[in-house]
Amino acid sequence: MAKATPRATPASRALDKAGIAYAMVAYAYDAEAPRIGLQAANALGVEPGCILKTLMAAVDGQPVCLLVASDKEVAMKRVASAMGGKAAAMLKPPEAERITGYHVGGISPFGAKRRVPVLIDEGSLADRPEIHVNGGGRGLQLRLATTDLVAALQAQVVVLAER
């Protein structure tokens with residue numbers, strides 16, 4: 001169920017500054033949901049593939065932001081390979097929060113405290129002119145053009161999801 005339009009976040013301010021069109025959509029966030037991205041898709045009435053979950057990982061100790069459709073899982077070997085590294089692992093929540101300035105469940109690829117490389121799963125963008133990403137708060141999503149997402153984040157689009 002959609003809620004009233006929320007106030008600005010660091011993510012929305014970053015998009016405003018970059019001159020990128022977006023819509024911020026609020027929904028009833030369920031902290032108990034086993035998969036937050038799937039819960040967001042259900043609450044917003046969109047396909048799970050239209051919601052990109054934001055994951056924070058490290059490749060050889062260096063942080064990286066990963067965007068993948070909420071109904072897919074990331075293959076860490078592919079993450080390491082895409083970054084030219086040997087090993088990749090998910091960051092623990094406190095480390096992800098320290099780097100981004102956001103709380104887990106509300107981490108956006110935009111407006112983070114520290115800029116890190118961004119990898120987007122190629123298959124998660126396929127045939128989608130628009131996509132949703134976290135808006136910088138629990139229960140917030142930003143809907144924007146897929147091309148704007150990639151350009152604004154200066155992201156690498158690579159195969160990340162398990163097959």
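**Salt bridges in the predicted model**

A network of salt bridges links R35, K53 and E73, a salt bridge being defined here as a side-chain nitrogen of Lys or Arg within 4 Å of a carboxyl oxygen of Asp or Glu. The structure is a predicted model, in which local features need a pLDDT of at least 70 and side-chain atom pairs count only at pLDDT 80 or more, whereas totals for chains, interfaces and linings use all residues. Residues are numbered from 1 along each chain as its sequence is written, and side-chain values use heavy atoms, with hydrogens and water left out.

In total, the structure holds 6 salt bridges. Because E73 lies in the loop between β4 (62-69) and α3 (76-82), and R35 in the loop between β2 (23-27) and α2 (36-44), the pair ties together parts that are 38 residues apart in sequence; helices (H or I, at least four residues) and strands (E, at least two) are DSSP runs, numbered from the N terminus. E73 is partly exposed, with a relative accessible area of 41%, and R35 is likewise partly exposed, at 33%, where buried means under 20% relative accessible area, exposed over 50%, and partly exposed in between (1.4 Å probe, protein chains only).

A further salt bridge joins the side chains of E95 and R98, with an N to O distance of 2.6 Å. Both E95 and R98 belong to helix α4 (residues 93-100), in which they are 3 residues apart, about one turn of the helix. E95 has a relative accessible area of 31% and is partly exposed, and R98, at 48% relative accessibility, also counts as partly exposed.

E130 and R143 form another salt bridge, for which the closest N and O atoms are 3.5 Å apart. This pair links distant parts of the chain, with E130 in strand β7 (residues 130-134) and R143 in strand β8 (residues 140-145), 13 residues apart. The relative accessibility is 44% for E130, which counts as partly exposed, and 31% for R143, which counts as partly exposed as well.

As regards confidence, the protein averages a pLDDT of 93, and 96% of the residues score at least 70, pLDDT being the predictor's confidence in each residue, from 0 to 100. Among the elements of the protein, the lowest mean pLDDT (50) belongs to strand β1 (residues 2-3), and the highest (98) to strand β6 (residues 118-121).
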